[in-house]
Amino acid sequence: MKDEIRAPALFFSPFVSSAMRVETPWIDYNGHLNMAYYHVLFDRAVDEVFSLVGLNQDYVDTRNASYFAAECHVLYKRELTEDDLVRVTAQLIAFDEKRLHYYLEMRHASEGWLAATSENLSLHVDMATRKVSPFPPDILANLALMKAAHCRMPLPATIGRIIGMPKKTTITVEDLHDERELETRH
């Protein structure tokens, strides 16, 4: 039966990807990993983690459904350079019948420092209609097991972060004059 509930024995909390190497062609003229390839590494880790719940190439082929990225917020924390080895951790933050909200951290595999984070929202899609559709019961059951394992983890501080620049205080001509006077007094 295609919707048979088959759950993995356990989920790691958080999920940890296989080690991935920063490849030479991915290095840009600044001498570090080009921003596009952070996404490649995150995407490879997403394929690994969600294959555990049954969302993989076989799922696309046999059920004619998949999941698509709808929103992604990446924070670049530290440069990666040629041949660096990284691992990505994944935490399922929330899910419903059609959506996945998850958080990823990319760390240097041997030194452990944080290179980047990624908060994501993905949608389950019927590949025939290319429209958002509900997950089947077996996938929902597997997601529930993953969420149960991940719910013990604290929520990352950057979840739901809004991009923006802090507003600066308006500076008047009088303020500038006062500052100059203070600077020249002895």
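A residue is called buried under 20% relative accessible area, exposed over 50% and partly exposed in between, with a 1.4 Å probe and protein chains only. Trp26 is buried by this criterion, with a relative accessible area of 7%.

The model is predicted: local features need pLDDT of at least 70, side-chain atom pairs count only at pLDDT 80 or more, and totals for chains, interfaces and linings use all residues. Residues are numbered from 1 along each chain as its sequence is written, and side-chain values use heavy atoms, with hydrogens and water left out.

## Overall architecture

Helices (H or I, at least four residues) and strands (E, at least two) are DSSP runs, numbered from the N terminus. The chain has four helices and seven strands, and their order along the sequence is β-β-α-α-β-β-β-β-β-α-α. Of its 186 residues, 35% count as buried. Contact means heavy atoms within 4.5 Å. Among contacts between residues at least 6 apart in sequence, 71% join residues at least 24 apart.

Two strands pair if DSSP finds at least two bridges between them. S4 (residues 85–95) pairs with S5 in the antiparallel sense over nine bridges, and three residues lie between the two strands of this hairpin. Within the pairing, Gln91 has Tyr103 in S5 as its bridge partner. S5 also pairs with S6 (residues 114–126), again in the antiparallel sense over nine bridges; here Arg107 stands opposite Leu114 in S6. The hairpin of S5 and S6 has five residues between the strands, and Gly112 there takes a positive phi near 85 degrees.

Eight of the 10 residues of S5 (residues 99–108) are buried, so this strand is largely enclosed by the rest of the structure. Thr89, placed in S4, is itself buried, with a relative accessible area of 19%. Not counting residues up to four places away in sequence, Thr89 touches Pro14, Phe15, Val16, Tyr103, Leu104 and Glu105. Pro14 lies in the segment before strand S1 (15–16) and is joined to Ser13 by a cis peptide bond with omega of about 0 degrees.

## Nonpolar core and aromatic residues

A nonpolar core is a set of buried Ala, Val, Leu, Ile, Met, Phe, Trp, Tyr and Cys residues joined through side-chain atoms within 4.5 Å. The largest such core has 36 residues, and those with the most contacts inside it are Leu41, Phe50, Leu55, Leu80, Leu100, Met106 and Leu143. Two or more residues each come from H1, S3, S4, S5, S6 and helix H3 (137–150). H1 gives the most, with seven residues.

Rings of Phe, Tyr and Trp (its six-membered ring) pair if their centres lie within 6.5 Å; planes under 30 degrees apart count as stacked, over 60 as edge-to-face and the rest as tilted.

| Pair | Centre distance | Plane angle | Class |
|---|---|---|---|
| Trp26 and Tyr37 | 5.0 Å | 10 degrees | stacked |
| Phe50 and Tyr67 | 5.7 Å | 75 degrees | edge-to-face |

Trp26 lies in the loop between strand S2 (20–21) and helix H1 (35–51) and Tyr37 in helix H1, so the pair ties together parts that are 11 residues apart in sequence. Tyr37 is partly exposed, at 28% relative accessible area. The pair of Phe50 in helix H1 and Tyr67 in strand S3 (residues 65–76) links distant parts of the chain, 17 residues apart. Phe50 and Tyr67 are both buried, and together with Tyr102 they form one aromatic cluster. Leaving aside neighbours within four places in sequence, Phe50 is in contact with Leu55, Tyr67, Leu92, Leu100, Tyr102, Leu143 and Met146.

A charge sits over a ring if NZ of Lys or CZ of Arg is within 6 Å of the ring centre and within 35 degrees of the ring normal. The charged end of Arg78 sits over the ring of Trp113, 4.0 Å from its centre.

## Backbone and cysteines

Asp83, in the loop between S3 and S4, has a positive phi near 75 degrees without being a glycine; this residue is partly exposed, with a relative accessible area of 43%. Arg130, in the loop between S6 and strand S7 (131–132), likewise is not a glycine and has a positive phi of about 60 degrees. At 52% relative accessibility, Arg130 counts as exposed.

A disulfide is a pair of cysteine sulfur atoms within 2.5 Å, and the structure holds zero of them. Cys72 is partly exposed at 39% relative accessible area, and Cys151 is partly exposed at 48%.
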